[in-house]
Amino acid sequence: MTANIIDGNAVAKEVRSRWRGRAETLAVSGIVPGLAVVLVGDDPASRVYVGRKTKACKEIGIHSEVHEFSADAPEEVVLGRIGQLNSNPSIHGILVQLPVPAHINTRRLIEAIDVRKDVDGFNLYNVGALVADSTVFPPCTPYGVLCLLEHTRVPIAGQNVVVVGASNIVGKPMAMMLMKREATVSITHIRTRDLAQYTILADILVVAAGKPNLITAPMVRTGAVVIDVGINRLEDGRLVGDVDFEGVRQKASHITPVPGGVGPMTVTMLLVNTIQAAARTCGIEFEA
Ligand code: NAP
């Protein structure tokens with residue numbers, strides 16, 4: 001068996017095209033979706049990510065602003081700006097680009113964002129609401145994975161899903177979202193004994209550990225759907241996921257590549273959440 005490759009770029013393009021139309025509809029009624037990105041310090045990778053987000057905003061019809069602070073900016077100053085953005089009616093989404101410098105309490109910044117503008121979905125209200133099935137904004141990466149599975153018409157209800165990695169931004173919310181879709185979910189982490197005894201049972205395997213080659217072909221059930229969230233830069237400069245792509249594609253039914261799989265979906269879902277946030281200000285809820 002050779003897996004079908006799930007083309008994240010193609011799905012992202014399709015989703016963006018649908019939501020661009022929605023942004024245009026809102027603009028006709030005088031609402032231009034607005035995103036504010038708070039960037040503290042001069043981490044080069046963060047700058048690249050922020051650049052990608054603002055470019056994507058422009059292409060889809062979202063007004064974006066970057067609120068930059070020097071690496072030694074006091075926490076209170078950044079909090080003050082978030083407060084201003086919360087009450088700015090032309091800003092519908094706010095995100096803090098992570099990581100922030102060590103003297104700043106990340107949680108405090110994220111908790112300061114109005115829940116209705118928390119388009120990254122990291123605010124504790126949104127995290128907790130995922131459990132109660134009433135989240136305001138699903139976090140972008142697991143939301144993007146769900147969107148890829150839906151586009152690929154992978155059945156979820158009743159399937160065995162194994163999520164490798166239990167972070168707050170990927171693994172845990174992913175598990176919760178798939179459980180809500182009636183999958184039977186196992187979540188594994190660094191202390192899981194014999195990872196393969198779990199992964200081999202997966203109809204859908206979602207890997208988000210940040211470890212190249214963590215998942216090899218013998219660990220994967222024949223015909224499984226394999227979603228590789230990992231992004232790892234090797235010493236030779238290559239970008240790879242957590243899955244041995246060449247080996248596992250001989251066994252899986254569907255697989256995401258890295259790059260070009262989950263990555264393009266994460267930014268796409270940020271755009272989706274921002275347009276949805278803008279729509280809600282005039283009582284509209286677009287279908288996901
Ligand atoms: P993270 O916060 O470092 O979490 C990694 C998780 O994987 C932790 O729960 C860790 O367990 C677990 N883990 C580490 N080694 C493991 C092993 N050998 N077996 C099982 N579990 C293991 O990372 P993250 O933010 O979730 O990101 C994970 C990966 O996805 C990274 O490569 C990141 O760059 C990538 N990512 C990609 C996108 C995208 O858009 N494609 C978005 C976000 C993240 P413990 O908690 O027990 O240590």
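Helices α1 (residues 8-28) and α2 (residues 44-60) pack with their axes 9 Å apart, at an angle of about 65°. The structure is a predicted model. Two packed helices are described by the angle between their axes and the distance between the axes. On the α1 side, the contact is made by Arg16, Trp19, Arg20 and Ala23. On the α2 side, Ala56, Glu59 and Ile60 take part. Sorted by class, this contact of α1 with α2 has four nonpolar residues and three charged ones, but no polar residue.

The strands come next. Strands of a sheet pair through backbone hydrogen bonds, either parallel or antiparallel. Strand β2 (residues 34-40) pairs with β4 over four bridges, in the parallel sense. Within these two strands, Leu35 stands opposite Gly93 of β4.

Another open sheet contains six strands. Their order is β1-β11-β8-β7-β5-β6, and the pairing is parallel. The edge strands are β1 (4-5) and β6 (184-188), each of which pairs on one side only. The partner of β1 is strand β11 (residues 254-255), and the two pair in the parallel sense over two bridges. Ile5 has Ile255 of β11 as its bridge partner. Helix α7 (residues 171-180) packs on this sheet. The strands touched by α7 are β5 (160-164), β6 and β7 (204-207). The direction of α7 makes about 170° with that of β6.

A backbone N or O atom of Ala166 lies 2.7 Å from a ligand oxygen atom. For a polar backbone atom of Ile231, the distance to an oxygen atom of the ligand is 3.0 Å. For a polar backbone atom of Ile190, the distance is 3.3 Å, again to a ligand oxygen atom. On its own, the ligand has 920 Å² of accessible area, and the protein covers 69% of this.

Some backbone features remain. Most residues other than glycine have a negative phi, and most peptide bonds are trans. The peptide bond from Leu98 to Pro99 is cis, with omega near 0°. Pro99 belongs to the loop between β4 (93-96) and α4 (106-112). A cis peptide bond with omega near 0° also runs from Val258 to Pro259. Pro259 is placed in the loop between β11 and α10 (263-280). Arg153 is not a glycine, yet has a positive phi of about 55°. This residue, Arg153, sits in the loop between α6 (140-151) and β5.

Methods. Residues numbered from 1 in each chain as written. Predicted model: local features only at pLDDT ≥ 70, side-chain atom pairs only at ≥ 80, totals over all residues. Heavy atoms only, no water. Pairing = 2+ DSSP bridges. Contact = heavy atoms within 4.5 Å. Axes fitted to C-alpha atoms, helices over the stretch in contact; angles between N-to-C directions. Polar contact = N/O pair within 3.5 Å; in protein donor to acceptor, adjacent residues only side chain to side chain. Areas by Shrake-Rupley, 256 points an atom, 1.4 Å probe, with all protein chains shown as cover. Nonpolar A, V, L, I, M, F, W, Y, C, P; charged D, E, K, R; others polar.
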